[in-house]
Amino acid sequence: MRILVIGGGAREHAICRSLSLDPEVDAVHCAPGNAGIGEVATQHAVDVLDGEAVAALAASEQVAADLVVVGPEAPLVAGVADAVRAHGIPVFGPSAQAAVLEGSKAFAKEVMAHAGVPTARSYVCTTPEEADSALAAFGPPYVVKDDGLAAGKGVVVTDDLAQARAHAQACGGAVVIEEFLDGPEVSLFAVTDGQTVVPLQPAQDFKRALDADEGPNTGGMGAYSPLPWADPKLVDEITTSVLEPTVRELHRRGTPFSGLLYAGLALTSRGLRVIEFNARFGDPETQAVLARLRTPLGGLLYAAATGTLADFPALRWSAGAAVTVVVAAQGYPAAPRKGDVVEGLAEVAREDGPEAYVLHAGTRADADGTVRSAGGRVLSVTATGADLSEARARAYTAVGRVRLEGSHHRSDIAERAVERAVAGD
């Protein structure tokens with residue numbers, strides 16, 4: 001099987017890496033890729049928002065893809081999966097109509113209401129006056145979400161009314177203002193062909209830029225999996241009360257969802273509640289989750305793309321844990337600096353592999369092979385271990401070998417979970 005992956009972040013690097021380890025996959029291609037993906041995939045230049053260009057690349061003699069995997073949300077919302085399917089090539093990723101589940105938070109709320117999926121009470125606001133009324137109705141902490149795509153950074157959670165109002169106005173169009181949800185957050189991915197839903201293992205990510213959940217919201221500064229503190233029945237509960245009803249509702253509407261359904265949830269004092277849906281693998285949770293998946297990834301994604309997921313064998317997982325720590329550029333998330341040299345990558349590969357490795361996100365390579373930063377989140381350092389404590393220690397040892405001027409990372413990824421495990425909580 002020959003597979004083309006669309007995208008160029010750490011999520012796509014993790015997907016390409018897993019596909020390269022699948023004995024049934026003969027060739028992995030990626031467009032456009034980054035400075036690290038070239039180690040596991042053949043890279044191609046393409047406009048990821050141009051569906052016809054992506055389809056032409058997939059059908060070309062040099063790629064001849066049996067499956068296309070669309071990584072980021074923007075190409076999905078733009079209809080890239082539809083264009084590739086129109087050429088008769090199987091695609092892992094929802095149609096543009098189904099991807100509106102991520103493309104519009106207001107639409108997601110509507111779907112959840114009809115499907116009976118538990119979520120936060122909310123108002124969709126289109127004027128400053130409506131926003132002010134909604135903010136007054138809920139009170140602090142205020143939760144204000146841009147209705148459209150915002151690369152994981154369109155949400156403000158604050159006790160400052162002025163900041164909440166400013167974000168609502170800055171979003172321009174519709175905003176969703178909702179009640180604050182207490183309790184820990186959980187991410188759960190599910191692979192679906194539009195009818196059958198196969199959940200993966202849960203993960204927890206860290207959105208704030210600084211330790212102790214301080215600082216601005218980001219696209220994600222780290223993640224870990226599994227969740228030793230979670231109820232063993234949690235995945236089943238989320239599947240039956242959230243994922244399956246959502247898939248059924250979208251099918252009922254004539255817009256079946258085929259691909260990766262991502263549920264971001266809060267385990268509140270009143271039970272689980274959906275914070276958001278995404279229509280693709282999450283970043284950085286994918287890095288940690290795929291590090292533990294033992295079932296070959298290519299066959300799983302192909303089964304979803306071809307409607308045969310009901311016949312796919314049960315997933316297999318390693319017994320251990322995985323931790324991912326994001327190394328971000330100076331100034332991230334507000335104004336990340338680009339062009340700085342990244343060093344220490346060979347040291348990680350030599351001293352820590354295969355238990356720890358570096359997945360590239362915002363990187364590019366000079367003609368002489370020098371790796372430079374080219375985005376806000378530059379690297380995802382991922383490590384596995386027999387338990388969360390060992391995986392975390394290995395991840396931070398590897399992070400310590402990476403050198404990027406002005407970079408920053410959180411030092412507390414999975415720290416609380418390890419403490420709880422040690423305490424027997």
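**Walking through the model**

Mentor: Start with Phe107, which sits in helix α6, residues 105–115. Keep in mind that this is a predicted model.

Trainee: Okay. Is Phe107 buried or exposed?

Mentor: Phe107 is buried, because its relative accessible area is 18% and the cut-off for buried is under 20%.

Trainee: And how far apart in space are Phe107 and Ala230?

Mentor: They are 30 Å apart, C-alpha to C-alpha. Along the sequence, 123 residues separate them.

Trainee: Let's switch to rings. How many aromatic pairs are there?

Mentor: The count is five aromatic pairs. One of them is Phe189 with Tyr262. That pair is tilted, with 5.1 Å between the centres and 40 degrees between the planes.

Trainee: Where do those two sit in the chain?

Mentor: Phe189 is in strand β10, residues 185–192, and Tyr262 is in strand β16, residues 259–268. So the pair ties together parts that are 73 residues apart in sequence. Phe189 and Tyr262 are both buried.

Trainee: Which pair do Phe189 and Phe281 form, stacked or edge-to-face?

Mentor: Edge-to-face. Phe281 is buried, as is Phe189.

Trainee: Which residues do the ring pairs link into a cluster?

Mentor: Phe92, Phe189, Tyr262 and Phe281.

Trainee: New topic: pockets. What is the volume of the second largest pocket?

Mentor: About 390 Å³. Its lining has 22 residues. Nearest its centre are His13, Glu39, Ala349, Tyr357 and Val358.

Trainee: Which element gives the largest share of that lining?

Mentor: Strand β20, with five residues. Three elements, α1 (10–20), α12 (345–351) and β20 (356–360), each supply at least two residues.

Trainee: How many lining residues are nonpolar, polar and charged?

Mentor: The lining of the second largest pocket has 14 nonpolar, six polar and two charged residues.

Trainee: Why does the second largest pocket lie between domain 1 and domain 4?

Mentor: Because domain 1 (2–95) and domain 4 (321–419) both give residues to its lining.

Trainee: You named Tyr357. What sits over its ring?

Mentor: The charged end of Arg17, 3.7 Å from the ring centre.

Trainee: Which residues does a cis peptide bond join, with omega about -5 degrees?

Mentor: Pro140 and Pro141. Pro141 is in the loop between α7 (128–138) and β7 (142–146). A cis bond also joins Asp283 and Pro284, with omega about 25 degrees. Pro284 is in the loop between β17 and α10.

Trainee: Is Ala212 buried or exposed?

Mentor: Ala212 counts as exposed, at 56% relative accessibility. Ala414 counts as buried, at 0%.

Terms used. Residues numbered from 1 in each chain as written. Predicted model: local features only at pLDDT ≥ 70, side-chain atom pairs only at ≥ 80, totals over all residues. Heavy atoms only, no water. 1 Å grid on protein atoms, 1.4 Å probe; cavity = no way out; pocket = protein on both sides within 12 Å on 5 of 7 lines; lining within 4 Å. Points joined across faces, edges and corners; volume = space filled by probe spheres on them. Helix = DSSP H or I, 4+ residues; strand = E, 2+ residues; numbered from the N terminus. Nonpolar A, V, L, I, M, F, W, Y, C, P; charged D, E, K, R; others polar. Domains from an automatic or database assignment. Phe/Tyr/Trp six-rings, centres within 6.5 Å; stacked < 30°, edge-to-face > 60°. Buried < 20%, exposed > 50% of the residue type's maximum accessible area, 1.4 Å probe, protein only. Lys NZ or Arg CZ within 6 Å of the ring centre and 35° of its normal.
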